[in-house]
Amino acid sequence: MLISTLAPERTSRMNRFNSTVPTDEYLADSNVLFYLSDAVTQLLEHKEEYTQFGVIRYFAEYFSSVKNSNHVLFREFNYIRATPHNRASFIRVFWRCYRQIGKSGDLLSMQEYRSLLQLLCPDFPAEMVQSVARIVLMDDATDCLMSFSDFLYAFQLQFFYQEFLDSVLEIYQDLLSGKSPNTVIVPTSTSIEQLPSVAAEENEKEEQQQDGVEPSTLAQCIDDLCDRFKRSHPPRSCMREALEQVDKVSYYSFLMSLAKHEAINQTIGALPSKAELLIDPEMDQELDKLSL
């Protein structure tokens, strides 16, 4: 039962019946101990409620909810982000709960999306929603309205790969400030007349920030980051493809390209393609029942 809670890319290379997989590696990759610990904790905290149905039934229902991705509903933020499966599950729950917004074509503000997220996770942080809005709006005024599909795919990218994207942002900011690992600045003169004015330096810096950085330099830095990064990150081929399409790249334009990339969407495995985003026959049947 537990193995089915994993993402498809993990189950394809790891099987609990495969003796070639070390026990420690299986336990770490499958997060079995995390779910078992949480199940026991929930049982002890709600002992009177759960024990009347029987402990065996409780554990069966707990792991069934993990398998079906319903276990993240109304849980705290630290729980929904604790494993890749939890993150993908929450993304899928958000889509299924609010898909009708996309069908109706409504545009919502950042605060409205935050309210929707907090209905599912009461302590969902505002900072995460702000980061998503910056991706959609390309770091412009975050009080503009956003479509459901644009917000959803940007949210998927930011939420699932948060730690990696934070590291990429640090690299991007270093490149903007001239801290490229392959660049050595050698002063050619100390003449006051040849030194640029403070205003000129500020103008040049502002222009650089607007233009972005060299895609090839950023690509090399990201490739090096992937070599040492121990958590999930987008496929390297997708990131290279996004960077090869432009002469200059900003951080948020890069993230928007990744958010729209279908291969990344398939890798995460939480959402359908954009063409099928508003199609959910099972949910439509449930809504039809309610309308009768």
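A salt bridge is a side-chain nitrogen of Lys or Arg within 4 Å of a carboxyl oxygen of Asp or Glu. The structure holds eleven of these salt bridges.

This is a predicted model, where local features need pLDDT of at least 70 and side-chain atom pairs count only at pLDDT 80 or more, while totals for chains, interfaces and linings use all residues. Residues are numbered from 1 along each chain as its sequence is written, and side-chain values use heavy atoms, with hydrogens and water left out.

**Exercise 1.** Find out which parts of the chain the salt bridge between E163 and R231 links.

*Solution.* 
Step 1: Start with the atoms: the side chains of E163 and R231 meet at 3.0 Å, N to O.
Step 2: Now place the two residues: E163 sits in helix α11 and R231 in the loop between α13 and α14, 68 residues apart. Helices here are DSSP runs (H or I, at least four residues), numbered from the N terminus.
Step 3: Buried means under 20% relative accessible area, exposed over 50%, and partly exposed in between (1.4 Å probe, protein chains only).

**Exercise 2.** Work out which helices the salt bridge of R236 and D223 ties together.

*Solution.* 
Step 1: The N to O distance for R236 and D223 is 2.8 Å.
Step 2: R236 lies in helix α14 and D223 in helix α13, so the pair ties together parts 13 residues apart in sequence.
Step 3: R236 is partly exposed, with a relative accessible area of 26%.
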